[in-house]
Amino acid sequence: MLPKFKRILLKLSGEALLGDQRNGDPFNPQIIEQYAHDIKLVTDLGVQVAIVIGGGNIYRGMNEADSGIERAHGDYMGMLATVINAMAMQAMLEKIGVYTRLQSAINMEQVAEPYIRRKALRHLEKGRVVIFGAGTGNPYFTTDTAGSLRAIEMKADVILKGTRVDGVYTADPEKDPSATKFETISFQECITRNLKVMDMTAFTLCMENKLPIIVFDMNKPGNLLQVVQGSSVGTMVG
């Protein structure tokens, strides 16, 4: 099947890289390898792929009153965690023959290019996977917001939000067994129902720029390929 989308922004959570393991390691190598192979299947179709990864498996912003670390300082620590995750993903992709470029919103020349929009677009046009690290480079913004911003800047056709659940539900399916899944849902209905697809800043960016979001289970091998080919996987928000 031909791909439905020409250029995608894949948003991955840092926590997903843990898989089911709870041994103190920030990564499950099997999960990263599975993600890399799924991404390769998509690039082999000619789809241009940009990636934003969270950092929650290494560091999550904590309450300042509890940790003693002020919010802005903690957010910069989280940005560095996303670069570690991005480097891990880059290493695995290149191991299986996928050309990648890592661009960081915080300058660290030894490990990543600085984020330059025109350069990132050129990499995508040449078929390289571009991984964006360090969020937006600013505190008080989440990696969801970074994903929405980069997707708009890269003129992506869609944001693919890879999570541990297979779509958007009326309630948290892990807590409420009676929760039902939406096949499609509008931005406005998500707001009305107070469904947490992304944080509000990221969500508003997508809504204002008419950029659709597909929420799907990234941990099931082959799902990414099915989404890109237009199969009914996950939930389309738009």
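Student: Hi! Which residues of H5 are buried?
Tutor: In H5, the buried ones are Asp144, Thr145, Ala146, Gly147, Ser148, Arg150 and Ala151. Buried means under 20% relative accessible area, exposed means over 50%, and partly exposed is in between (1.4 Å probe, protein chains only). Helices (H or I, at least four residues) and strands (E, at least two) are DSSP runs, numbered from the N terminus. This is a predicted model, where local features need pLDDT of at least 70 and side-chain atom pairs count only at pLDDT 80 or more, while totals for chains, interfaces and linings use all residues. Residues are numbered from 1 along each chain as its sequence is written, and side-chain values use heavy atoms, with hydrogens and water left out.

Student: What do those buried residues of H5 pack against?
Tutor: They pack against E1, strand E2 (48-53), E5, E6 and helix H7 (200-208).

Student: And what happens at the start of H5?
Tutor: There, a side-chain oxygen of threonine 142 comes to within 3.3 Å of the backbone nitrogen of aspartate 144. After H5 comes lysine 155, with a positive phi near 55 degrees.

Student: OK, new topic. Where is threonine 136?
Tutor: Threonine 136 sits in the loop between strand E5 (129-133) and H5.

Student: Why does threonine 136 count as buried?
Tutor: Because its relative accessibility is 15%. Leaving out residues up to four places away in sequence, threonine 136 touches Ala105, Phe141, Ala146, Leu149 and Arg150. Contact here means heavy atoms within 4.5 Å.

Student: What does the side chain of threonine 136 reach?
Tutor: The backbone nitrogen of asparagine 138, at 3.2 Å.

Student: Which lining residues are closest to its centre?
Tutor: Of the 46 residues lining the largest pocket, those are Ser13, Glu15, Arg60, Asp144 and Lys161. Strand E1 (7-12), helix H3 (71-95), helix H5 (143-153) and strand E6 (158-163) are the elements that give two or more residues to this lining. H3 gives the most, with six residues.

Student: Which residues does UniProt mark as a binding site?
Tutor: The unreviewed UniProt entry has the annotation "binding site" on Lys11, Leu12, Ser13, Gly14, Gly56, Arg60, Thr163, Tyr169 and Asp172. They are spread over 162 residues of sequence and also in space, up to 24.8 Å between C-alpha atoms. From this set, the lining of the largest pocket takes in Lys11, Leu12, Ser13, Gly14, Gly56, Arg60, Thr163, Tyr169 and Asp172.

Student: Is tyrosine 169 buried or exposed?
Tutor: Tyrosine 169 counts as buried, because its relative accessibility is 17%. Tyrosine 169 is in the loop between E6 and strand E7 (184-185).

Student: What polar contact does the side chain of tyrosine 169 make?
Tutor: One with the side chain of aspartate 166, at 2.6 Å. A polar contact is a pair of N or O atoms within 3.5 Å; within protein, one must be able to donate a hydrogen and the other to accept it, and residues adjacent in sequence count only if both atoms are side-chain atoms.

Student: And where is aspartate 172?
Tutor: Aspartate 172 is also in the loop between E6 and E7, and is partly exposed, with a relative accessible area of 33%.

Notes:
1 Å grid on protein atoms, 1.4 Å probe; cavity = no way out; pocket = protein on both sides within 12 Å on 5 of 7 lines; lining within 4 Å. UniProt positions renumbered as here; feature names shortened; annotations may be inferred.
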